[in-house]
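User: Please take a close look at one part of this structure for me: the place where the two chains meet. Walk me through what each side brings to it.

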Amino acid sequence: MAIIVDAATRLVVQGITGREGQFHALRNRDYGTNVVAGVTPGKGGEAVEGVPVFDSVRDAMAETKPNTSMVFVPARFAADAIYEAVDAGIETVICITEGIPAHDMLRIYNYIRPRGVTLVGPNCPGVLSPGKANVGIIPAEIFSPGPVGLVSRSGTLTYQIGNELTQLGVGQSTIVGIGGDPVVGTSFIDALERFEADPETRFVVMVGEIGGSEEEKAAAFIAERMTKPVVGYIAGRTAPPGKTMGHAGAIISGSAGTAKAKQEALEARGVRVGTNPTEAARLVADLVAGAR
Amino acid sequence: MDLYEYQGKELFRRFGIPVSDGRLALSPEDARQAAQELGGAVVVKAQVHAGGRGKAGGIKLAASPSEAEARAADILGMDIRGHVVHRLWVEKASEIEREYYLSVTFDRGEKKPLFMLTTEGGVDIEELAATSPEKLARLHVDPLVGFHPFQARWLCFAAGIREPAEQKQVIAIVGKLYETFVSCEAMLCEINPLIVTPAGEVRALDAKVTIDDNALYRHPDLAELRDLAAADVQEQRAREKGLAYVKLDGDIGILGNGAGLVMSTLDVVAQAGGRPANFCDIGGGAQADVVVGALEVITADPVKAILFNIFGGITRGGEVARGLLEALERIGIDVPVVVRLDGTEAEEGRRLLAESSPANVHVESTMLSAAERVVELAR
C-alpha cells in the first residue's frame with residue numbers, strides 16, 4: 001500500500017529533456033520508480049537513457065500506458081501540461097513546477113476535481129513511498145520504510161523532520177509534499193483522508209506553515225474522521241504579517257493565517273503540536289514506541 | 001504585488017467602475033495645481049501600501065488650492081506604519097450619503113473567487129465577518145463558469161440593497177469588478193468604501209488591488225506599476241538576485257534553502273532567545289554564486305552573526321560551502337557564521353569548510369544546536 005505512488009505507478013515525465021526534468025526522471029528511475037515515458041513536444045522518437053520520448057501525452061499513453069505524470073515544464077507552460085495529462089487520461093498528476101499563476105490553478109482545480117483526477121502540487125517536492133516509488137525531487141536516501149505518513153507544505157522542512165524520524169528509528173509509509181502555493185491540488189485533508197484509509201500508515205505527521213486556513217480545516221477533519229494519531233508542526237511562528245515568506249501562499253493577511261491560530265486549532269482538537277521540527281519528530285517517535 | 005490606490009482606481013476607470021476625478025501629486029506644488037484643475041474642495045490622500053491612512057493623518061480635506069498645497073506639505077514624508085509617503089492622490093471631494101463594502105478575493109479554502117458585499121462600509125471587514133456575519137453577503141463564483149448578473153442581484157438582495165436605481169449601479173460594478181479581477185489576475189480587488197452620494201450615484205472611494213506576482217509576465221503594463229523606490233533596498237537587490245528575502249528587525253542573519261525550513265529556522269532562533277534580522281531563502285539547487293549574492297544582501301544589514309541552515313535535496317552542500325568560502329574572501333565577512341549542513345553532499349561541504357577552516361566559521365551538526373550557537377555568538 002502507501003498512498004499516491006507505489007509499485008503500480010507507471011510514470012510519464014512531462015519536460016523530460018530539460019536539465020532538471022532529465023536529472024530527476026533518471027534519479028526517480030534509479031530509485032525503482034517505473035518511468036515508462038517522457039514527453040517533450042518536437043522530440044518524439046528520441047530517448048533519454050532508454051526512456052522513450054513522445055510528442056504528446058496522448059502518444060505516450062497509446063504506447064506505454066502511464067497512470068501518473070510528473071510535470072517538470074516551465075511555469076508558463078505548466079498549466080497547459082496539466083490539462084494535456086488529464087485529457088490523455090492520466091489519473092495522478094504531480095506538478096513540481098513553481099510559479100504557475102494562481103488564476104490558472106483556480107481553473108485547473110475546478111476542472112480536475114469532478115473528473116476524479118489527483119493533482120499534487122504545484123510548487124511541491126513530489127511524493128515518495130520509501131522502498132516503492134519516488135516521483136519528484138525528494139532525496140529518498142534520508143527516508144526509510146515504516147508506519148508514519150508525512151504530509152507537508154514545505155520540501156526541505158519535510159526532509160528535516162523525515163531525517164530526524166529516521167535517526168530516531170522511525171520509518172515512513174509515504175511522504176507527500178503538497179506545495180506552498182495558494183491553490184494546490186491536494187489539500188491536507190485530501191492527504192489525511194488517504195492516510196486514514198491506508199493500512200500501512202499508522203501515524204501521521206502534518207507539517208503546516210503560515211497562510212490560508214487549511215491547517216484549521218484539517219484540525220476539524222482529524223477530530224471528526226481520523227482514528228490514527230496525528231502530530232503537527234507549524235512553521236512561521238515569528239513571521240510578520242503582510243509579508244510573503246518565500247512560498248506564494250505563506251502570508252499572514254490581516255489576522256488570518258497565523259501559526260499561533262493554526263497551532264491552537266490543532267491543539268483544541270487534541271492534536272499534539274511540536275514547537276520545532278525536532279520536538280515534532282520526538283512526539284511521533286514516542287507515539288510509535290508506545291504502540292510497540 | 002500591491003497597487004497604490006490611484007493605480008487601482010486607474011484600473012477601475014479602465015474597466016468602467018465609477019471613481020472620482022483626481023490627479024497624482026509628487027510635491028505640494030503639484031497638489032496645488034491638481035486642486036486648481038479639479039476645482040472646488042479636494043481630498044489629499046497619502047499613497048502607501050498600508051492600511052489605516054486616515055487614522056494616521058494621511059488623508060486630509062482641502063477647501064482651496066493653497067490649502068491643498070499646505071496639506072500636501074504636511075503629508076509628504078510622513079511615516080505611515082513604516083511606509084514613507086512619496087506620492088499623493090488629490091481628488092475631488094465626495095459627498096457621502098452611505099458607505100458600502102465590496103470585494104472579490106481568492107478563497108483559498110474553496111478554491112473559488114469570493115465576493116463580499118455589505119452596507120456596513122468603511123469598517124474592518126474581518127471584524128464584521130466575526131461579529132455580525134449576517135450583515136455580510138458572501139458568494140462564490142465558479143471560475144469555469146464565470147460571473148453572471150444573477151449573482152450580483154443575489155448579493156444586493158442579501159446585503160439589503162433594494163432601491164432599484166442604486167441596485168442597478170451596484171450590479172454593474174460587481175460585474176466590472178469581476179472582470180478587473182480576472183483580466184488583471186488579481187488576488188484581491190477591494191472597494192472600501194463604495195459610496196452612495198446624496199444624488200444617488202454609486203462610486204468607488206478607495207481601491208485596494210493585489211496582483212498575482214506569478215502572473216505579471218502576462219501583464220507587462222501592470223508589472224511596470226511596481227514602485228521600486230517604495231521597496232526596501234535590500235528586498236529589491238534580493239529580488240534581482242532571485243532570492244526570497246524579507247527584512248526583519250533583529251540582528252542575526254538567516255540563510256537557508258526552502259521557505260518552510262527558513263521559516264522554521266527563524267522560529268528556532270527566536271526560541272533560543274535570538275532575534276532574526278531577515279528571512280533569506282536561496283531556493284532549490286542554488287550554485288555558489290547565489291550563496292555569495294545572498295550573503296551580500298544579508299551583510300548589508302547590521303548583523304552580529306549569521307546562521308546557515310541547509311538541508312540539501314537538490315541543493316548540494318559542496319556548492320553551499322564553496323559559496324560561503326568565496327563570499328568570505330570576496331566581501332570580507334567578519335561576524336561569526338554558524339553553519340549547519342545536512343542532506344545531499346553535506347559531507348563534501350563540511351570537508352571543504354574544515355580544510356580551509358576560517359576563524360569565524362562554526363560548524364554545528366543539528367538545527368537546534370546551530371540556533372543556540374548563533375544566538376550565543378550574537379550576544
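Analyst: A salt bridge here is a side-chain nitrogen of Lys or Arg within 4 Å of a carboxyl oxygen of Asp or Glu. By that rule, 2 salt bridges are counted between chain B and chain A. Keep in mind that this is a predicted model.

One of the salt bridges has named partners. D104(A) and R218(B) meet through their side chains, with 3.2 Å from N to O.

Several elements of chain B supply at least two residues each to the side that touches chain A. The helices among them are α6 (164-183), α9 and α13 (367-378) of chain B. The strands include β8 (112-118), β10 (186-196) and β13 (244-247) of chain B. Strands β16 (305-312) and β17 (337-343) of chain B are also on that list. Helix α9(B) gives the most, with 10 residues.

Now the extent of the contact. Chain B puts in 47 residues, and chain A puts in 60. Together the two chains bury about 4,100 Å². Carbon and sulfur atoms account for 60% of that area.

Where does helix α9 (residues 259-271) of chain B lie on chain A? It lies across β12 and β13 of chain A. Its direction is about 85° to β13(A). A helix of chain A lies across these strands too. Helix α7 (residues 214-225) of chain A lies across β12 (203-209) and β13 (230-235) of chain A. Helix α7(A) runs at about 160° to β12(A).

Those two strands belong to an open sheet in chain A. Its 7 strands follow the order β9-β8-β11-β10-β12-β13-β14, with mixed pairing. The edges are β9 (133-136) and β14 (272-274) of chain A, each pairing on one side only. Neighbouring strands are turned by 20° against each other on average, direction ignored. Further along the sheet, β10 (residues 145-152) and β11 (residues 172-177) of chain A run parallel and are joined by 5 bridges. Within β11(A), V176(A) is the bridge partner of V151(A).

Next, the domains behind the two sides. Chain A is divided into domain 1 (10-120) and domain 2 (143-291). Their C-alpha centres lie 27 Å apart. In the contact between these two domains, 8 residues of domain 1 of chain A meet 10 residues of domain 2 of chain A. The area buried there is about 790 Å², with 50% from carbon and sulfur atoms. The count of salt bridges between the two domains is 1. R113(A) forms a salt bridge with D190(A), with the closest N and O atoms 2.9 Å apart. On the domain 1 side, α4 (102-112) and β7 (118-120) of chain A each supply at least two residues. Across this interface, 4 residue pairs are in polar contact, both residues at pLDDT 80 or more.

For chain B, the domain assignment gives domain 1 (21-92), domain 2 (98-223) and domain 3 (233-378). The C-alpha centres of domain 1 and domain 3 of chain B lie 43 Å apart.

Terms used:
Residues numbered from 1 in each chain as written. Chains lettered and ligands numbered in written order. Predicted model: local features only at pLDDT ≥ 70, side-chain atom pairs only at ≥ 80, totals over all residues. Heavy atoms only, no water. Pairing = 2+ DSSP bridges. Helix = DSSP H or I, 4+ residues; strand = E, 2+ residues; numbered from the N terminus. Axes fitted to C-alpha atoms, helices over the stretch in contact; angles between N-to-C directions. Contact = heavy atoms within 4.5 Å. Domains from an automatic or database assignment. Buried area = accessible area lost by both parts, 1.4 Å probe. Polar contact = N/O pair within 3.5 Å; in protein donor to acceptor, adjacent residues only side chain to side chain.
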